[in-house]
Structure formats: C-alpha cells, structure tokens
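Here is a short tour for anyone meeting this protein for the very first time. Have a look at the structure, then read on.

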Amino acid sequence: MIMPRAASNCEPADPANTLTNRLNTLLNSSGPGYVLSLCPSTQYLIQAPILFASPNQEISTLGYPTDDSRAVLVVNGPVSNGTGHTTAVDGTCVNCDGVRLRNVQINGTRAGAPPTNGGANIEMGGPNSGQLIEYVHSYDPRSWSCLHIDEGPSNCTNVTVQNNDIGPAGSDLFQQWADGISVACTNSLVRNNMINNPTDGGIVLFGSPGTRVENNTIWVENNTLLGGINMVDVTPFSGDYKGVVVINNTIVGGFATNPDTGSATKGTNNEDVIIKIGIAIGPRTWFGNEYLNNVSTGGTVLNNQLTGAFSYGIAISSATNFTVENNVLIGNTSFIGARGPNCTTGDPTPSPAPFIIDINNTAQSTTQSDFADTSDGDSLTCVLPPDGGDYWPFGGNPSASPTPSPTPSPSPSTSSHSSTGEIVGIVIGVIAGILFVALAAWYIRKWALKRAEDRTHLATTRHAHTQKGYVRSNEQF
C-alpha cells in the first residue's frame with residue numbers, strides 16, 4: 001500500500017514522460033485523505049487531466065505559498081480540429097466529497113488561439129459535497145471557463161471557492177469568450193476572489209440555489225466583458241435562484257488609459273474596453289426570447305459597488321421575486337455603447353444607464369428607487385462600446401499596486417481576506433477612500449432625512465409602481 005507522502009517531500013515534475021500517469025496513480029492508489037504535494041516554483045506539463053479519486057484528497061503546493069512560487073499545472077495535451085485537452089484538474093468523481101485544490105496555479109495555455117471544445121481549466125463539484133478551492137491562480141483556459149463547479153445530477157452542494165486569483169480568460173472576439181468562475185452547485189460559497197479580465201462572465205451562477213457570492217472583485221483591462229455577475233441561466237435548475245445572495249462585490253469597468261491631465265474627467269481607452277452589464281438578472285437580458293417565458297426566480301442582490309465604464313450597471317428582465325437594493329456607483333463612472341451588428345433588427349435597445357428594469361416581465365420584485373424603466377430589456381450584450389473618443393472615466397484598476405502576499409496556512413483557510421496580495425492594495429488605495437467619503441455622506445443624509453422618510457414611508461409605498469407585483473423601494477442609496 002502506498003502511504004501518504006511525507007510532509008517534507010513533494011512530487012517532482014521529472015521524468016516528464018511519466019508525469020501525468022504518475023500523478024494520477026498516486027491519487028488513484030493512495031486512498032482517502034491523501035495529499036498530493038507539488039514542488040514550489042515548478043511547472044508540471046500534463047498531457048491529460050489530473051483526477052481526484054477518493055474523499056478528502058488534496059492537491060497543493062508544498063508549504064502553501066500564495067505567490068508566483070505556487071506550482072503550475074500546465075495544460076499541455078494535444079488539440080486537433082477544435083477538440084482536445086482542456087482540463088488540468090477534475091474533482092467530479094462519484095467519490096470525491098471533501099476534496100481540496102489549494103495553493104497551485106493552472107495555466108490553460110490558450111495563448112490567443114480559438115477556444116477548444118472541452119471542460120474548464122478546473123472541473124469540480126459533481127455528485128459531491130464539502131469541496132474546497134482556495135489560493136488558486138487559474139488563467140488562460142483553452143475552453144470556456146477558468147473554474148467550473150459542476151452540478152452533477154443536480155446534487156452538488158456546499159463547495160467553497162475562496163481567495164483565488166482568476167483570469168485572464170478568453171478573448172472579446174465574437175464567441176471566443178470565457179468565464180472566470182462558473183457555479184452550478186447548491187448552497188455554496190464564492191468569496192474573496194480577484195477575477196481579472198474574463199470575457200464572458202466574471203462570476204456565472206447557473207441557478208445554484210442557496211449560494212452566497214460575496215466580497216469578490218471583478219475587473220477588466222484589455223478585453224471587453226459581457227457580464228460581471230450573471231444570474232441569467234435557465235439550466236440546470238430551471239432558473240431557480242432562491243436563497244442566492246450576491247452581496248458586497250466590486251465590479252470595475254474600463255478606465256481611460258491616456259494620461260489624466262488638466263480638468264478633463266474622461267479620456268480614451270486604448271482597447272475601447274467596457275463591461276456590458278455589471279450584474280445581469282433574468283434570461284432575456286442575455287438570450288432575448290430564446291427561453292420564451294422562463295424567468296430567474298428568487299435571488300437577492302445587495303450592497304454591490306460599480307465603478308468605471310459600463311453599458312448597463314445592473315439590468316433586470318424576466319425575473320420574479322428578486323430583491324435588488326443598496327447597490328451603488330463609486331468613483332468615476334460612465335455608461336456608454338450603442339447597438340451593434342448582432343442586435344435584432346426592429347428590436348429597440350435601451351440607452352446605456354446605471355440601472356434598468358423591463359417592467360413588462362419583472363414581477364413580485366423589489367428594487368432600489370433609481371432603476372429606470374424600459375419596455376425592452378432583451379439581448380443587451382449585443383451593444384458595442386464606442387470606437388474611440390473621450391468617453392472613459394479616469395480612475396484606477398485593481399492590479400496597479402502590489403502589496404505583500406498573505407501568510408500561507410498549512411490547513412484549509414476559513415478567513416475572509418483576498419487571495420492575491422499583489423492585487424489587493426489598489427482596491428484599498430483607490431476604492432476604500434472613496435467608499436469612506438461616500439458612506440459618510442450617506443449616513444449624514446440618512447440621519448438628516450430620517451424623520452421625513454418615516455412620515456412619508458407609508459404614503460410612498462401605497463403609491464409605488466406596482467405593475468405585476470413589482471415594488472420600487474422608497475429609500476434611495
């Protein structure tokens with residue numbers, strides 16, 4: 001019987017010609033609780049996925065570093081005619097409860113090529129519970145996502161995705177996009193992740209009832225992103241978002257790349273980069289009438305922050321029983337874009353705006369009072385950013401100022417700090433100061449108006465817009 005490897009040892013990358021089989025044999029033969037320890041500052045060129053095989057196994061880098069010394073699993077298997085090797089690690093086996101992927105890097109090696117049909121860089125979930133993915137840097141996937149938590153036969157539950165640095169992912173060329181984190185697992189937790197330059201969805205929730213998404217930062221640099229956080233998919237949970245809470249996330253659109261000089265508040269962006277929809281709710285925002293009368297149901301979206309350039313900050317269409325409140329714009333923002341060639345002829349597209357809602361198909365929902373009504377919220381990702389011009393706000397992006405990495409931990413983390421020290425500093429430096437001023441002003445205003453609000457609350461509620469049970473919140477943030 002092969003015993004778990006001693007804590008002081010790590011599995012070498014050489015000989016390279018036996019590497020993939022060697023790693024898989026260790027996992028397959030070592031039983032529950034085995035830790036496959038990889039060597040720091042080492043690349044592992046794998047030819048096929050590395051497969052978890054038993055409960056509570058772990059793949060990690062020796063010493064649990066959180067910086068670039070983490071071992072790198074490089075997707076290096078063959079690709080032919082658009083299919084081939086796309087996945088580095090797979091934890092979806094029928095006996096993979098509690099497996100852990102920690103403190104490693106995954107290089108998907110697309111390197112500008114068209115997407116390859118196949119799985120994500122990391123495939124976890126499946127018919128399992130209690131899995132953990134933390135302090136992982138997953139980037140440049142050959143296929144559609146950096147990290148996918150699969151639903152299995154709709155019984156995946158309780159997966160934690162925390163403290164990871166994700167992306168870049170995909171290209172903003174048509175249908176060459178890729179997600180950052182894609183979740184189809186119930187009662188899960190996605191927190192404290194830094195998601196850099198995804199192109200399809202930053203965080204995509206495929207229903208995932210009961211899942212909490214909090215304290216993540218999503219930002220773009222040189223590729224336009226279709227959606228920051230997406231709650232639009234009908235499958236596999238029939239649009240069920242009950243118990244889903246999306247809270248305290250920061251979504252950062254494009255900023256001007258030319259020097260900030262003089263009194264100008266906006267400038268140009270070298271790549272015309274925006275986020276088309278900061279948070280998308282309801283299948284029609286994304287797919288138009290493809291899913292007919294299907295809706296997204298039951299989610300809560302609270303206290304999220306948006307800054308930079310977008311077409312739409314939050315867009316709601318075809319949703320019921322949603323609560324969307326206290327989401328704010330911070331720093332400098334702009335809302336830009338126009339109909340593109342993929343917009344449906346004769347189907348009007350609403351003008352760019354911070355918050356829009358299609359009141360014709362949104363029911364029994366409560367939103368903050370600054371949503372603008374639209375009569376057609378279909379297929380909003382068809383818009384395109386301006387081709388040049390001084391439309392992008394000046395500001396900072398979260399990757400601009402490195403800070404020391406967090407201290408590694410030999411046991412699974414339950415902390416709430418960010419995964420990558422290199423990219424957290426600027427979030428504090430650029431955003432925290434703005435937040436302090438904004439929140440201080442908000443509390444002063446709230447205090448000053450409290451008596452008036454108390455007196456008018458009942459009357460305002462009685463006169464709120466109530467089409468199809470939709471209620472607009474009285475208090476504006």
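## Aromatic pairs

The structure holds seven aromatic pairs. Rings of Phe, Tyr and Trp (for Trp, its six-membered ring) count as a pair if their centres lie within 6.5 Å; planes under 30 degrees apart are called stacked, over 60 edge-to-face, and the rest tilted. A pair of aromatic rings is described by the distance of the centres and the angle of the planes. Take Phe 174 and Trp 177: their ring centres are 5.5 Å apart and their planes sit at 85 degrees, so this pair is edge-to-face. Phe 174 counts as exposed, because its relative accessibility is 51%, and Trp 177, at 23%, counts as partly exposed. (Buried means under 20% relative accessible area, exposed over 50%, and partly exposed in between, using a 1.4 Å probe and protein chains only.)

Now for Tyr 241 and Phe 322, an aromatic pair that is tilted, with 6.4 Å from centre to centre and 55 degrees between the planes. Tyr 241 sits in the loop between β23 (225-231) and β24 (245-247), and Phe 322 in the loop between β31 (319-320) and β32 (323-325), so the pair ties together parts that are 81 residues apart in sequence. Buried or exposed, what is Tyr 241? Tyr 241 counts as buried, because its relative accessibility is 0%. Phe 322 is buried too, at 2%.

## How to read the numbers

This is a predicted model, where local features need pLDDT of at least 70 and side-chain atom pairs count only at pLDDT 80 or more, while totals for chains, interfaces and linings use all residues. Residues are numbered from 1 along each chain as its sequence is written, and side-chain values use heavy atoms, with hydrogens and water left out.

## The whole protein

The protein has three helices and 41 strands. These are DSSP runs numbered from the N terminus: helices are H or I with at least four residues, strands are E with at least two. Of its 477 residues, 54% count as buried. The protein exposes about 18,800 Å², and carbon and sulfur atoms supply 54% of that; the areas come from the Shrake-Rupley method with a 1.4 Å probe, and for residues only the protein chains shown count as cover.

What about contacts, meaning heavy atoms within 4.5 Å? Among those between residues at least 6 apart in sequence, 77% join residues at least 24 apart.

## The largest pocket

Rolling a probe the size of a water molecule over the atoms shows where empty space is left. On a 1 Å grid over the protein atoms alone, a pocket is an open set of points where a 1.4 Å probe fits, with protein on both sides within 12 Å along at least five of seven lines; lining residues have an atom within 4 Å of a point. Grid points are joined across faces, edges and corners, and a volume is the space filled by probe spheres set on the points. About 620 Å³ of space lies in the largest pocket.

Its lining is made up of 24 residues, and Phe 174, Trp 177, Lys 276, Asn 342 and Thr 381 lie nearest the centre. The lining splits into 11 nonpolar, six polar and seven charged residues. Here Ala, Val, Leu, Ile, Met, Phe, Trp, Tyr, Cys and Pro count as nonpolar, Asp, Glu, Lys and Arg as charged, and the others, Gly among them, as polar.

## Two loop residues

Asp 172 is in the loop between β16 (165-166) and β17 (179-183), and is partly exposed at 31% relative accessible area. Leaving out residues up to four places away in sequence, Asp 172 touches Trp 177, Thr 199, Asn 222, Asn 223 and Thr 224.

Thr 186 lies in the loop between β17 and β18 (189-191) and counts as buried at 13%. Beyond its neighbours within four places, Thr 186 is in contact with residues including Cys 156, Ser 208 and Phe 237.

Most residues other than glycine have a negative phi, and most peptide bonds are trans. Yet a cis peptide bond joins Asp 14 and Pro 15, with omega about 0 degrees, and the bond from Gly 167 to Pro 168 is also cis, with omega near 5 degrees.

Ala 111 has a positive phi of about 55 degrees and is exposed at 69%. Tyr 135 has a positive phi as well, near 55 degrees, but counts as buried at 6%.

Methods:
Contact = heavy atoms within 4.5 Å.
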